[in-house]
Amino acid sequence: MFTKTEVLELKEFAKKIRIETLREFGSIGSGHIGGSMSIADLLAVLYGKVMKINPQDPQWEDRDWLILSKGHAGPSLYATLALKGFFPKEWLYTLNKGGTRLPSHCNRLLTPGVDMSTGTLGQGISVGLGIAKGLKLNNKNNFVYVIVGDGESQEGQIWESALFGGNAKFDNLIVFVDYNKQQLDGYVDNINPLGNLGKKWEAFGWDVQEIDGHNVEEIYIAIKNAKAVKDKSHIIIMNTIKGKGCNFAEGVELNHHMTFSMEQINSAIKELEKSNI
Amino acid sequence: MPIRSNDLQIDKMEMRNAYIDKLIKLAEKDDKIFVLDADLMHSNNTYKFKERFPDRTINVGIQEANMIGMAAGLSLVGKIPFAHTFTCFAARRDLDQLYLSVAYAELNVKLFATDPGIAATYNGGSHMSFEDIGIMRTIPSMTIVEPVDSTMMESIVEQITYTYGPFYVRLFRKNPVKIYEDGETFKIGKGIILKEGSDVTIISTGIMVAESLKASALLEKDGISARVVNIFTIKPIDKDLIIKCAEETGSIVTAENSNIINGLGSAVAEVLIENKPVPMERIGIQDLFGEVGDMEYLMKRYHLTADDIVESVKKVLIRKKMK
């Protein structure tokens, strides 16, 4: 189901996403680097292997949907979409510049392939529930994927949608939590800890898996497992490292939003190119 | 001829029924229509839609924010979602979701909010929304309508359904005063001259339309000719009609069941000041919180009666004369 070559290809894709994301940031000198780097492996698996998409027709009716609820990680989604051919790669270097099609937080009206506008946290799962219900009504077997942050999980609306989604049992909905342990002001555990997050979602009636969010094989298998479980909404908690793969951001405190020089970006890219993450 | 007399009758039809019965009729022919409610189905009578179309109805429970997010999702896959709650929750608990997941994302969500302003009566201050119009007005692309009676309600449901974009419908859900004759039709964005007059124009919305007609009759006895206009689309407002009334009558009084800050009066004042400044007075909630009571008590408490309008007209006419 998953050959060694495929694993290597996805790892390579994730690396490219990280490199292009860093180039985007480099073009403006600041940005939400931590949470963009931590979801690169997930995006590689989704767009490289799992999702039904059509870069020539981003609004294709039979596509799978992705809502990046943690909208500030837009830059890594843009890198992914550009690499898949949704729009020219040159767009990446317009990030956050006046008149750009690539704003810091996702905007479905501006960027081909972005399915939903996000940016104020907590709203994505609710929207995903609506899409999931609509797809079922339309007799479509497409999936809707939602990526939320761990800090974002402090929002009340997340738990409204958790309660509803557990009861609604939408098996065409798969939520990912990018559990990178850090939020803007520091470590989640030092601010308002999530406790046993898996147990919480389980108590809300969801099909829960906890995995290494930087292991493309584990991510792929978890999605496959989720799809095999019927009559439950799915959540996959991905243990990740904020800033993963960027030498000046990975594991560093207060890496949610950073300013950096082109030298730092270039050195991070060089190191990434040499590495085998 | 439309009912324009002093003999105002109570509408035989509840507004919530006029609305939901019409929506059910439309939904018979269009399976894109979808209803969401947040545990107020027996207040809003949306349970009637659920009985007819259980697969196309969701009661999320007491989760207004989640409801609006889900409505946005349904819109993304081509549904026409109608979400329902009280005006106080619509304005205070849904704002970010309406702003970001609906309006900013250019999605097609219709929000019907009931019990506007003092219509919350015995639910009191916590439930009394004087701020909702002001909040909704500042969301780009939001259309705001406040239907006056069952005739108008029935007439505009179809336009709301098939005009793409977010709507905020401020709905008095019980039996209002009947203003229009059965079968009359209305166009969203166009105000209605209910009664001609030459000294002053009273521009009103919602429950204040009936009070304005009463005030006009009272003023007639004093030899004052007051035009009465019903502006039911608060955004986008009927600029042309407001300018025309300012030009023809030289003074304006607005009347609304809402905070005068950023409500109908503000919207009218903005048009006047930029186009045809004339003396103007505003009837409405004078930046206060609500409290419990019946409609009659609350109308007096917040100075929303025909007598209050008469007083404001007299005041504005003195200013007009001094000018």
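This passage describes the two chains of a predicted model, their folds and the contacts between their parts.

Chain A contains 10 helices and nine strands. Its radius of gyration is 17 Å, close to the 19 Å that the globule rule gives for 277 residues, so chain A is as compact as a globular protein of that length. Along the principal axes, the C-alpha trace of chain A spans about 50 × 45 × 40 Å. Of the 277 residues in chain A, 52% are buried.

An open sheet of five strands is present in chain A. The strand order is β2-β3-β4-β8-β7, and the pairing is parallel. Strands β2 and β7 (207-212) of chain A form the edges, and each pairs on one side only. From one strand to the next, the twist averages 20°. In general, strands of a sheet pair through backbone hydrogen bonds, either parallel or antiparallel.

Two of the pairings in chain A can be followed in detail. Strand β2(A) is joined by four bridges to strand β3 (residues 144-149) of chain A, and the two run parallel. Within this pair, A:Ile67 has A:Val146 in β3(A) as its bridge partner. Further along the sheet, strand β4 (residues 173-179) of chain A runs parallel to strand β8 (residues 234-239) of chain A. Six bridges join β4 and β8 of chain A. A:Val175 stands opposite A:Ile235 in β8(A).

A:Lys224 has 12 C-beta neighbours inside 10 Å, so it counts as exposed.

Chain B holds 13 helices and 14 strands. The radius of gyration of chain B is 19 Å, close to the 20 Å that the globule rule gives for 323 residues, so chain B is as compact as a globular protein of that length. Its C-alpha atoms fill a box of roughly 60 × 40 × 35 Å along the principal axes. Buried residues make up 57% of the 323 residues in chain B. Among contacts in chain B with a separation of 6 or more, 81% come from residues 24 or more positions apart.

The domain assignment divides chain B into domain 1 (13-178) and domain 2 (192-322). The centres of these domains, taken over C-alpha atoms, are separated by 26 Å. Their contact takes 27 residues from domain 1 of chain B and 29 residues from domain 2 of chain B. On the domain 1 side, α7 (132-137) and β6 (143-145) of chain B each supply at least two residues. The residues of that side divide into 17 nonpolar, six polar and four charged.

Contact between the chains involves 21 residues of chain B and 22 residues of chain A. On the chain B side, α4 (64-76) and α6 (95-104) each supply at least two residues. The largest share comes from α4(B), with nine residues. The side of chain B that touches chain A has 11 nonpolar, six polar and four charged residues.

Seven of its 10 residues are buried, so α6(B) is largely enclosed by the rest of the structure. The buried residues of α6(B) are B:Gln97, B:Leu98, B:Leu100, B:Ser101, B:Val102, B:Ala103 and B:Tyr104. Their cover includes elements of both chains. Chain A contributes α5 (124-137), and chain B contributes α4 and β5 (110-114). After α6(B) comes B:Glu106, whose phi is positive, near 50°.

Notes
Residues numbered from 1 in each chain as written. Chains lettered and ligands numbered in written order. Predicted model: local features only at pLDDT ≥ 70, side-chain atom pairs only at ≥ 80, totals over all residues. Rg over C-alpha atoms; globule rule 2.2 N^0.38 Å. Buried ≥ 20, exposed ≤ 12 C-beta atoms within 10 Å, placed from the backbone. Contact = placed C-beta atoms within 7 Å. Nonpolar A, V, L, I, M, F, W, Y, C, P; charged D, E, K, R; others polar. Domains from an automatic or database assignment. Pairing = 2+ DSSP bridges. Axes fitted to C-alpha atoms, helices over the stretch in contact; angles between N-to-C directions.
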